[in-house]
Structures are given as C-alpha cells and as structure tokens.
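Subject: Structure handover

Hello,

Here is the structure for you to look at. My notes on it follow below.

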Amino acid sequence: MSVHRKILIIDDHRAIHEDFRKILAPPPMVSEEFDALEAELFSDGGSSPAAETRENYELSSAYQGQEGVALARESEAAGTPFAVAFVDVRMPPGWDGIETIARLWEISPRLFAVICTAYSDYSREQIDEKLGVTDRLIILRKPFDPVEILRLARDLTNRCDIERAGGRS
Amino acid sequence: MPGRKKGRQTISRRITRLAMWVCFTGLVLVAVVLLAFDLYSHYTTARSALRALARVTAENVRTPLKLRYVETVAGSLGAITAEADITAAAVYRADGQLFTKSVKPGRDVAPRVEPGAFGTMRDLPLIRHYEPVVDQNKRIGTIVVEGTLTAMQERLKTYGMVTASTMLLAWIAARILAERLQRGISAPLVELAAVAGKVANARDYSVRAVPRAADEVGDLVVAFNNMLGEIQRRDEAILQSRVDLEMNVLARTSELHLQIEDRKQAQAALRDSEGRYRSLFESNPMPLMVVDLETLDIIAVNNAAMRHYGYTEAEFLRLSLPTITYLTDSVEVIRALRSPAKSVDAGEWKHRTRHGGIIEVHLTAHSMLLGERLAKIILANDVTERNRTQRELVELHKKLVDASRQAGMAEIATGVLHNVGNVLNSVNVSATVLAEQTQQSKTAGIRKVAELLQAQAGDLATFFGPGGKGEKLPQYLLALASQVENEQRVRTAELEQLVKNVEHIKEIVVNQQDYAKGPGVIADYAPEGLVDDALKMAEVDLAMERIQTTVEAAPALPPVTADRHKVLQILLNLLTNARQAMETVPEGRRQIRVKVVVREDHRVRISVHDSGCGIAPENLTRIFNHGFTTKRTGHGFGLHGSANAAREMKGALSAESSRAGAVFHLDLPIAAPADKTSSFLPHP
C-alpha cells in the first residue's frame with residue numbers, strides 16, 4: 001500500500017460522496033471464509049482476480065471548499081498529503097470549485113485536481129485563465145462513468161507516487 | 001412823476017384840486033353863512049339900537065319939542081350923534097318941517113319928511129329910523145335917527161381878508177395833504193401801475209410791487225402780487241404745456257418719420273425676404289407643398305417635393321393632398337389640417353409617389369394667406385426609413401426579449417441539469433455497481449456445485465464420505481447461500497437507491513414540466529409547499545450568489561386556491577428579481593426572507609424580502625407596467641405578467657421598498673373549506 005493513495009473529495013452533495021465511495025472503496029463483498037472454501041472445493045479454478053485489481057484508497061470527504069482546504073492543510077502538516085482531489089464546481093454557499101482548487105494548490109502544489117461539473121459554468125479557457133495552464137487539472141463531466149473515476153484515481157495516484165519517489169531520491 | 005402821461009390829470013393833482021375845492025367851497029359857504037348871519041345880527045342889533053335910541057330920544061324930546069325948545073332938542077340930538085355909529089339925527093315937526101338936526105360932518109338930513117313916516121329905512125350903508133314923537137296920543141313930531149353900517153363894511157372887509165387868508169392856508173394845507181395822500185395812495189398805485197406796465201410791456205410776471213403799508217393799497221398790492229403769481233403760474237403752466245405739446249409734436253413727428261422709414265425698410269425687407277423665402281422654399285431640402293385649405297389642391301411644391309414624390313410640378317399642380325394620401329379619405333385630411341392653430345402637427349400619413357411607391361411622411365402644416373385664400377404650407381418629413389428602423393428596433397427588442405426569456409429558461413434548465421446531473425451521477429454509479437456485482441456474483445458457485453456433484457455421481461459415497469471433498473459441500477453451500485443473500489441485499493439496496501434517484505429525476509423533470517406548461521388547473525395548495533417548491537427550483541441560482549434563504553411560515557396556514565404553475569412562476573420571478581437586486585450587495589449580506597402569513601382579508605400573504613438596493617419610489621408602481629425593466633436583460637416573466645397572473649388567481653402582487661431592500665407581496669385567496677381534499681391533481 002502506497003502512502004500516496006489519499007484522495008480528497010469536495011462536493012456539497014452527499015450522494016456524490018457516496019458515489020465516490022462505491023467506486024473507489026467498495027465494501028468487500030466476499031468473505032475470506034467463502035474464498036477459502038471455494039478454493040478448497042474447486043482447486044482447479046484458481047483464485048478470484050477481482051480482489052487483486054482493487055486498490056485501496058483513503059478517501060476524505062469535505063462538503064465545502066473551505067473544509068477541503070482545511071483538510072488538505074492538516075494532511076500536509078501530518079506529512080501525508082493528498083494525491084488527488086475531486087472538486088465540484090458549484091458548492092454554495094462557500095467557494096466555488098475553481099477558487100477551492102486555487103487555494104488547494106497554495107498548500108499542495110503537486111496535488112492533482114479533478115474538477116467535476118454537471119454543466120459548463122466555466123469554459124476550459126475561463127478555467128485556464130483563472131488557474132493557469134497546467135497538466136495537474138483534469139475536467140470531468142457529470143454524470144461521470146465510474147470506470148473513468150477509477151482510472152483517474154489509479155493513474156493520478158500512481159503519477160503522484162512516481163513523482164514523489166523521484167523527488168525524494 | 002414816472003408814468004405820467006400828457007393830457008392826463010394825475011391823481012395827485014386831482015386830489016389837490018378836489019381838496020382845494022372842498023376847502024374853498026366849505027370855506028366860502030362857512031364865510032357866507034357866518035357873514036350873512038353876522039351882518040344880519042349886526043344889522044338887527046344896529047337897527048334895534050337905532051330904534052331904541054330913537055324911541056328914547058323921542059321920549060326925551062317930546063317935551064322940548066312941545067315947548068319948542070330947540071336947543072334942548074338939539075342937545076339931545078347932538079348927544080345922539082356923538083355916537084360913532086350915528087351919523088345924523090333930526091326932529092321934524094308934525095307938518096314934516098325940520099325942527100332941528102344934528103349931523104356929522106359930511107352928512108345931512110332931508111329938509112322934510114313925510115308927516116306919517118314911521119319905521120326903519122335902509123339906505124345902505126345908512127339906516128334911518130323914523131320914530132314919531134307922541135304927546136298925549138298926538139303926534140307932535142317925528143324924530144329921525146340915521147345910523148351908518150360902515151362897521152359892518154369893516155367887518156366885511158375883515159371877513160374877506162380872513163376868508164382869503166384861510167383859503168390860502170387851506171390851499172397850502174390841501175397841497176400838503178395831497179402830497180401826503182399821494183405818497184400813501186398815489187405813489188404805491190403809480191408804482192403798481194409801473195409794475196403792471198412792466199408786466200404788460202416785458203411780459204415779465206416775475207416782478208412784484210412792494211407793499212408799503214398794511215392798508216387797502218397794501219392789500220391791493222398783495223392782491224396784485226398774488227394775481228401776478230397766479231398769472232405767472234398759469235403762464236408757466238401754459239408755457240410748460242406748450243413745451244410739452246411741442247415736444248409731443250416733435251416726438252410724434254419723428255415717430256412718424258421713423259414709422260415711415262420703417263415701413264419703407266420693411267417694404268424693402270419684404271421684397272428682399274420674399275425673394276429669399278422663395279429661394280428658401282424652392283431649395284429647401286425638405287419636401288414642401290402649399291395646399292389650398294378649401295380645395296386641398298396643391299398650389300405650389302418645391303424641388304425636394306418633386307424629387308421625393310417623383311411628380312413634376314405640372315403633375316403636382318393637378319393633384320390634391322387627398323389624392324396622394326394613401327388609404328385615407330379627404331375628410332380625415334381636412335380634419336387634420338383645418339386647425340385654428342398657426343402651426344399644426346398633422347401626424348403621420350402614407351403618401352403615394354408617382355411610381356406607385358408608398359412613403360410614410362410626417363406632416364407639419366403652417367397657416368398662410370395666399371392673396372385672399374387660406375393656405376397651408378406643409379412640410380412632409382419622410383419617416384419611412386425611420387419607421388422601418390423603428391420597427392426593426394421593436395422587432396430586435398422583441399427578439400432580445402425572447403432571447404433573454406430563453407436565456408432565463410436556459411438558466412432554469414441549467415439548474416435542472418445540475419440537479420439531474422448529480423442524481424444521474426448516482427444512478428450511473430448504482431448501475432455500475434449493480435453490473436459489477438452481477439458480474440462478480442457468486443451465484444456461479446451453484447453451477448459449480450452442480451457440476452461437481454454430476455462429476456462425482458458415480459461415487460457419491462466416497463465424495464461425501466469421510467475425508468471426501470463432499471464433506472465440506474454443505475458448509476460451502478451455506479456460505480454460498482449467505483453470500484448470495486448478502487449480494488441480494490446489497491443489490492436490493494442499490495436498486496432501491498436507483499429507483500429513488502430515478503424518482504428524484506422524475507420529480508425534477510415534473511417540476512420543470514410544471515414550470516413550462518401552459519395554463520394550469522386551479523386547486524388548493526399548502527402555501528408553504530409552494531414556497532418550498534419555488535425555493536427548490538431557485539436553489540441553485542440562489543446558492544451560486546451566496547444568498548441566504550430563510551422561510552418564516554406562520555403555524556397552521558390554511559391552504560390557498562391557486563394555479564400552482566402560476567404561483568411558482570411568480571415566486572421564481574420574485575426570487576430571481578431579489579437575486580438580481582442583490583448583485584451589488586457584498587456576499588454575506590445577501591439575504592432572502594420569505595414570510596408566509598394569514599391576512600385579515602381572507603388571504604395568505606407570501607412576502608419575499610431581499611436585502612438589495614430597493615426600488616426607487618417613482619418605480620414602485622411602474623415596475624408592474626408592461627415592458628418596464630431596470631435590468632439590462634429583461635427577465636422572461638416580468639412583474640407585469642406576474643401581477644396579471646396573481647390577479648387571474650383573485651390574488652394580488654404588490655411591492656414595498658425601504659433602505660433595507662424591497663419586499664414583494666403575493667396575496668392568494670384562502671381555499672374554501674368545502675373542497676379541501678380534491679387538491680392534488682395529476683398533470684394532464
């Protein structure tokens with residue numbers, strides 16, 4: 001388990017947090033006992049591949065931009081910074097996603113930010129104008145495909161991992 | 001003396017003469033009377049004395065005479081004649097013969113007298129008295145005593161002297177008196193006369209006579225002076241009025257001159273301006289035409305009119321204003337032009353051009369007199385282009401309104417999309433989770449068990465026997481069952497979530513449909529529910545602007561009879577207005593308070609308070625007018641429409657404004673208690 005599998009989710013809708021959890025940290029469906037019995041009975045079948053592919057992500061939830069930034073500051077201080085942040089654009093009544101990301105980057109400049117939007121509040125140009133052209137920002141349209149979330153989470157945490165490892169050595 | 005004229009008797013002389021005459025006459029009269037009286041008394045005295053003397057002597061000589069004692073008688077007579085006044089005395093005998101006499105030298109007596117002579121005889125200056133000498137009643141003689149009146153003559157002389165000297169004195173006195181009088185009366189009068197003469201000659205009314213004394217002459221002088229003053233005043237007044245008159249005449253004359261000059265100039269200017277106006281008319285860039293007000297015939301046109309309408313002048317002159325006016329009868333044209341005003345705005349008309357075109361013109365008519373005829377000079381301003389532009393503008397405005405309305409819709413759609421998007425996200429996730437679970441489901445284990453049993457069918461005893469694989473099978477089956485049950489439970493939960501989310505989406509869409517559909521159904525609704533629905537719909541927009549929303553609903557609110565769609569439309573409009581009104585308000589102070597209360601007029605009032613900029617008092621009623629907006633992009637559902645909608649529901653929409661912000665009140669009628677449950681109607 002890498003220490004950089006930490007993901008921050010900032011969204012004002014609780015349902016979205018649930019969605020993220022279902023995708024990135026689903027509860028284990030199969031008990032260990034059942035797996036053992038199955039292995040014993042059907043020894044020729046081999047073990048189940050699904051369990052192997054699952055990464056373990058540490059998910060943190062914030063319902064407002066300010067809250068998310070506070071969490072980021074805490075984890076930065078604890079030496080376990082977030083690798084990826086999924087940030088919603090519209091989060092009334094506090095900061096919107098763009099402002100939240102800008103503040104997150106003040107604390108964790110290496111953080112990958114995925115901005116989730118159900119509609120075009122901001123165009124890509126407007127976002128670039130506000131946040132600068134960067135490869136650390138990914139725009140994700142709602143409703144999102146869970147596979148896309150999984151892919152993003154894995155890719156970005158891996159990239160982060162590699163970067164940090166490279167940075168350290 | 002000054003002012004004295006020849007041939008004229010001066011006052012002084014006349015006074016002197018008058019005084020002289022008065023003195024003289026008086027004096028003479030007095031002298032004559034006194035002299036006469038004196039002479040008479042002197043004469044009578046002398047006569048009496050003479051008579052008495054004669055009588056006494058007669059007595060004395062009676063005896064001697066009788067006795068003829070001549071000496072004695074002569075002695076008596078001599079005694080008499082010794083008297084100064086007695087010139088002679090004689091005694092005559094009865095026969096008249098002189099007996100004796102005694103005379104003064106120079107005098108003599110008559111030798112005889114008449115025997116009967118008696119009485120007194122005057123022989124001035126002598127006086128004789130004849131006295132009979134009687135003895136024993138017998139006349140024995142006559143005595144004559146002759147006296148003289150020379151004393152009287154002496155007295156006369158003296159009197160004459162006295163009178164003459166008195167008259168001399170009187171004359172002197174009169175002269176002096178006259179002089180004095182002249183000084184007192186004549187001199188001032190003469191002076192006055194001199195002054196009057198001066199006044200008369202020099203016409204100098206300013207000279208004044210000097211009053212010398214406070215007597216009648218003084219009064220006269222004063223009166224004269226007053227009169228002079230009066231004359232002078234009148235004279236001055238007359239002079240002044242004459243001067244005034246002359247000035248007036250002068251002024252009037254010059255005025256007349258000026259008027260004549262002016263008239264000449266005006267005539268020249270008129271001639272000049274006529275030419276200029278003609279050229280102004282001819283070369284005016286605006287189409288001008290002169291129309292006879294009676295016939296409405298066109299009398300004159302300018303070049304611009306010919307250019308603009310395409311008719312030649314000759315053609316124009318055969319036309320009348322109604323003939324070139326499109327789609328209007330002449331009555332209306334006349335009515336528009338026949339105004340008593342000098343200039344009249346005749347409004348817009350459509351005119352035919354020569355080539356069949358129609359132009360829109362704005363006519364302005366000015367009255368003028370053309371000889372005897374009343375005419376109007378009409379300025380035709382072609383507003384075709386302007387009107388077209390205006391129409392385009394109106395069209396554009398309408399399009400803009402439509403566009404902004406659509407933008408408003410889009411705004412709402414965006415909100416809907418946001419809500420739907422989030423829910424859809426969960427739906428997607430749920431579906432994926434279900435799919436994954438189905439894919440990874442352990443139900444395949446049952447087939448595996450069945451296949452295993454079939455493979456071991458020949459030797460089931462060994463399989464299930466001790467140490468056999470089958471020994472673990474029941475345990476596996478139990479685990480499998482619980483696994484499947486678990487899967488089932490998770491899937492059911494996920495499905496429930498999915499159904500719920502789909503319901504949620506449906507709800508959002510239904511709301512949207514409600515919002516978008518046409519006239520709805522009047523039914524009874526809980527007012528709080530309507531407020532909640534509206535707030536839910538506006539939630540995203542309000543949240544975007546960081547607007548805090550609070551709802552204060554009075555407890556136990558009665559249902560209202562309303563069209564849900566309309567109420568939501570109105571409330572959304574009010575919320576949008578409130579949101580837009582607070583754009584300039586700093587974040588954190590943006591508040592919308594929705595209050596729901598029951599009013600006394602059997603209505604429920606939903607009030608939307610904002611903490612925005614408020615509404616200008618002059619706009620408080622105008623905001624409900626059609627087409628009124630203070631916003632750059634007019635909202636899709638204006639307050640006008642909202643107020644109409646409120647009225648249609650027998651409700652009302654009103655506004656208030658204060659420094660704290662604006663309040664809009666939506667009043668809705670409380671539902672009648674009878675039809676309270678037939679409320680929730682499905683959508684058609």
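How far apart are B:R252 and B:E255 in helix 4 of chain B? They are three residues apart in that helix (residues 216-283), so about one helical turn separates them. Helices (H or I, at least four residues) and strands (E, at least two) are DSSP runs, numbered from the N terminus.

Before more, some ground rules. The model is predicted: local features need pLDDT of at least 70, side-chain atom pairs count only at pLDDT 80 or more, and totals for chains, interfaces and linings use all residues. Residues are numbered from 1 along each chain as its sequence is written, chains are lettered from A and ligands numbered from 1 in the order in which they are written, and side-chain values use heavy atoms, with hydrogens and water left out.

Salt bridges

Side chains of opposite charge can pair when their charged atoms come close. A salt bridge here is a side-chain nitrogen of Lys or Arg within 4 Å of a carboxyl oxygen of Asp or Glu. Over all chains, the structure holds 30 of them.

B:R252 and B:E255 form one, with their closest N and O atoms 2.8 Å apart. B:R252 is partly exposed, at 39% relative accessibility. B:E255 is partly exposed too, at 38%. The terms: buried means under 20% relative accessible area, exposed over 50%, and partly exposed in between (1.4 Å probe, protein chains only).

Chain A has a salt bridge between A:R151 and A:D155 (3.1 Å, N to O). Both sit in helix 7 of chain A (residues 146-168), four residues apart, about one turn. A:R151 is partly exposed at 34%, and A:D155 is partly exposed at 33%.

B:D667 and B:R599 also meet in a salt bridge (3.8 Å, N to O). This pair links distant parts of the chain. B:D667 lies in strand 17 of chain B and B:R599 in strand 14 of chain B, 68 residues apart. B:D667 is buried, at 4% relative accessibility. B:R599 is partly exposed, at 30%. Elsewhere, salt bridges with shared partners join B:E59, B:R62, B:K66 and B:D135 into one network.

The sheet

Five strands of chain B form an open sheet, in the order 12-14-15-17-16, with mixed pairing. Strands pair if DSSP finds at least two bridges between them. Strand 12 (548-553) and strand 16 (652-658) of chain B are at the edges. Each has a single partner strand, so one side of each lacks a neighbour in the sheet. Strand 12 and strand 14 (residues 591-599) of chain B pair in the parallel sense over six bridges. B:V551 has B:V594 in strand 14 of chain B as its bridge partner.

Helix 15 of chain B (residues 639-648) packs on the sheet, touching strand 16 and strand 17 (661-669) of chain B. Contact means heavy atoms within 4.5 Å.

The cores

A nonpolar core is a set of buried Ala, Val, Leu, Ile, Met, Phe, Trp, Tyr and Cys residues joined through side-chain atoms within 4.5 Å. The largest has 44 residues. Those with the most contacts inside it are B:L571, B:I592, B:L653, B:F664 and B:L666. Helix 14 of chain B (residues 564-581) gives the most to this core, with eight residues. Another core lies apart from it, with 26 residues, including B:F316 and B:V333.

Best wishes

Definitions and conventions: Axes fitted to C-alpha atoms, helices over the stretch in contact; angles between N-to-C directions.
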